[in-house]
Amino acid sequence: GDILDDYSRTDGVWILTRNKQFYETNNEKECADKCEAERNFTCRAFLFTRKKLQCLTLAENAKMTVTFASTDTVLYEKIIYLMQCKRGIGTDYRGTEAKTQRGIPCQKWAEKIPHKPNYTPEKHPNAGLEENYCRNPDADENGPWCYTTDPAMRFDYCAIPECEDQCMQCNGEDYRGEVSRTESGLECQHWDVQEPHMHGFILKHYPEKDLKMNYCRNPDGELRPWCFTTNPNKRWEYCNIPRCTTPPPVSGLDSQCLSGRGEDYRGRIAITESGNACQHWNTQFPHKHGWVPDRYPCKGLEENYCRNPDGEKKPWCYTTNSNIRWEYCTIPPCDRTEQGIAGMNNVPAQAPVTEECYQGKGQSYRGTTSVTVSGRKCQAWSSMFPHRHIKTPERFPDADLRENYCRNPDGDSSPWCFTTDPNTIWEYCNLKRCDDHAQQ
């Protein structure tokens, strides 16, 4: 195959790195050849500038250093160094895991203390024995391993997850596979083009969402990855990506207490700060809502425990009191410093949290719906493309104009948004008013 098939391409990006070599080449393939032949360091990526025909081989990729915009530059990163999972027994694993399955830091392959290694970078130059990263230079059937920094334990295996090509965890926000057709078989439109559908989902506005090629992605918190289609009559559609069979990563050790906004809180407090019992997430009474556990498998929506699935200021829950739809919960902080910060930022609550309906005119709606009544996707409030506007987060600081979520910053009759369709400036959102009994 093409040598560039082993690389992930990103247009208009430069990365800051000390370890690099300059070459004069005629095209990207010649630059890739230089990267493959590089002997000054391990070449993980290269930059190519079209106008100067300049080639820079790099020891680092975008995961390891700072990136910034640079027109006329193309970044190619070796896919093998971007993968944090192993295929088979992991002899080609080149990720950056550097601790054992027991959590012991790995010894550097080039060092001899506390253990004198049999496998060294000199003896095995093609085994990727860099730093103290987990590797499998001897094709051990148990997978990547390393010498440990514990004098009492010479070596141990590393907990490297299996690669499951083309599968997704959770709602696929982190999906980085290469599926590029929708569930009905339509080919996806490239993210960096505006035909047949103009839109605002471009890399500049969503730098962390990996909007490369025409691969299915989930940049806006949808139920699963999607893409704009190449069919002029079908603007966008979900992609049929199977769920991974391995469980998603577990939450951190601090998940039994409040750290930050508590999005990783997995404790068992199930009562609100005013003393109301929490409603079970898998029930719709007394309050109907959209936070169904089956739809959001990685949000920890178990039983009726307080959770923060939508980035609120702290964990919350729907209450069993039919007159009070939801309330925050009091979760003990993980340390006093954070408690002090939380006290300083104790601003009045704005109701309600994410839900599938709105109250009144919806000025207090804080859900994550981002689709209009006609099915068009919403433009990000901070974006000026395809529509320029003055409804920005800076001008409306109390309207919670996050991402591209439906909001009502100007007192309209219901939540709305600018659309990513250049022919339709704005529309009301696909939301219903809450039932009368649910209103406070």
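What you have here is a predicted model, where local features need pLDDT of at least 70, side-chain atom pairs count only at pLDDT 80 or more, and totals for chains, interfaces and linings use all residues. Residues are numbered from 1 along each chain as its sequence is written, and side-chain values use heavy atoms, with hydrogens and water left out.

Let's start with the domains, whose bounds come from an automatic or database domain assignment.

| Domain | Residues |
|---|---|
| domain 1 | 7–81 |
| domain 2 | 99–163 |
| domain 3 | 166–249 |
| domain 4 | 251–333 |
| domain 5 | 356–439 |

Taken over C-alpha atoms, the centres of domain 2 and domain 5 are 51 Å apart.

Now for helix H1, residues 28–37. Helices (H or I, at least four residues) and strands (E, at least two) are DSSP runs, numbered from the N terminus. Glu28, Cys31, Ala32 and Cys35 are the buried residues of H1, where buried means under 20% relative accessible area, exposed over 50%, and partly exposed in between (1.4 Å probe, protein chains only). Looking down the axis of H1, these buried residues fall within an arc of 105 degrees, so they line one face of the helix; the arc is that of the directions from the helix axis to the C-beta atoms. An α-helix has 3.6 residues a turn, so residues three or four places apart point the same way. The buried residues of H1 pack against strands E1 (7–15), E3 (45–49), E4 (54–58) and E5 (67–78), with contact meaning heavy atoms within 4.5 Å.

Strand E3 is well worth a look too. 5 of its 5 residues are buried: Ala45, Leu47 and Thr49 on one side, Phe46 and Phe48 on the other. E3 pairs with E4 in the antiparallel sense over 5 bridges; two strands pair if DSSP finds at least two bridges between them. Thr49 has Gln54 of E4 as its bridge partner. The two strands form a hairpin with 4 residues between them, and Leu53 in the turn has a positive phi of about 50 degrees. E3 also runs antiparallel to E5, joined by 5 bridges, and Ala45 stands opposite Glu77 there.

Finally, where does Ile271 lie? Ile271 is in the loop between strand E9 (236–238) and strand E10 (316–318). Ile271 counts as partly exposed because its relative accessibility is 43%. Among the residues that Ile271 touches, not counting those up to four places away in sequence, are Cys278, Cys306 and Cys329.
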